[in-house]
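Good morning, colleagues. Please take a moment with the sequence and the model before we turn to the helix packing.

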Amino acid sequence: MYQYKTLSNGIRVVAEKITYLKSISIGVWVGNGSRYENKNENGISHFIEHMLFKGTQIRTAAQIAHEIDSVGGQLDAFTTREYTCFYTKTLDEHIPIALDVLSDMMYNPRLDESDMSLERQVIKEEIRMYEDSPEDLVYDLSSYAVWGDTPMGRTILGTYESLDGITPDILRSFMNNHYTSANTIISVSGNFDDTFFDLLEKYFGTRKMPY
């Protein structure tokens, strides 16, 4: 059975309750990917994905990872041409922890310039690894062959040059335009009780996304 809700700030929720499970998966999907980037911004969506794991106003990167790891859960994210998703997988008894960490990452990212400098190098190394993997690289080559030098034809990871041009101000401006409540959907699948939507409202519905 699917349930559809809209939180007070406009975030839409779609949830599937599966009572025979003892676990739950929660995904925060932002309708933003590389197809919405101009040439100078190429790679910024993937860059943002990385930066949201680098710490918040109240948690370090290590604390973000530890809080989910300590309850045997999983926290991860991915970026495509169409969207970016941040998700957790935990036991149902740890729903408040999952929502607390996810909402903190989404609403309070530190976006520190020194963190950006370090993460920029991490992504450049990721690009080098990708270029050494023919079975992955062929997909970007085929996209470029079809779409050319357009957002759909460019790589999701960006280029060395475009990454160097992304400053903290550019990152925040891009997030203000794309990381909005109206452009966000929370998807849920697993076991939860009637208090779940109250928790969603508490952690996600009462806040907006200023960067």
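Which residues in H1 meet which residues in H7? Ile44, Ser45, Ile48 and Met51 in H1 meet Ile170, Leu171, Phe174 and Met175 in H7, where contact means heavy atoms within 4.5 Å. By class, these residues divide into seven nonpolar, one polar and no charged. Here Ala, Val, Leu, Ile, Met, Phe, Trp, Tyr, Cys and Pro count as nonpolar, Asp, Glu, Lys and Arg as charged, and the others, Gly among them, as polar.

Let me state the basis of these values. The model is predicted, with local features requiring pLDDT of at least 70 and side-chain atom pairs counting only at pLDDT 80 or more, while totals for chains, interfaces and linings use all residues. Residues are numbered from 1 along each chain as its sequence is written, and side-chain values use heavy atoms, with hydrogens and water left out. Helices (H or I, at least four residues) and strands (E, at least two) are DSSP runs, numbered from the N terminus.

Now the geometry. The axes of H1 and helix H7 (residues 168-178) come within 11 Å and cross at roughly 95°. Axes are lines fitted to C-alpha atoms, for helices over the stretch in contact, and angles run from 0 to 180 degrees between N-to-C directions. H1 and H7 are therefore roughly perpendicular; the classes are roughly parallel under 35 degrees, roughly antiparallel over 145, roughly perpendicular from 65 to 115, and oblique for the rest.

H1 also packs against helix H4 (residues 113-131), at an angle of about 120° and with the axes 10 Å apart. This pair is therefore oblique. His46, Phe47, His50 and Met51 in H1 meet residues of H4 including Asp115, Glu119, Arg120 and Glu126.

Turning to H3 (residues 95-107) and H8 (residues 196-205), their axes come within 9 Å and cross at roughly 25°. These two helices are therefore roughly parallel. Among the residues of H3 in this contact are Leu99, Leu102 and Met106, and H8 contributes Phe196, Leu199, Leu200, Tyr203 and Phe204. Eleven nonpolar, one polar and one charged residues make up the contact of H3 with H8.

Finally, the aromatic rings. The whole structure holds nine aromatic pairs, defined for rings of Phe, Tyr and Trp (its six-membered ring) with centres within 6.5 Å; planes under 30 degrees apart count as stacked, over 60 as edge-to-face and the rest as tilted. The rings of Phe53 and Phe86 have centres 6.3 Å apart and planes at 35°, so this pair is tilted. Phe53 lies in the loop between H1 and H2 and Phe86 in strand E5, so the pair ties together parts that are 33 residues apart in sequence.
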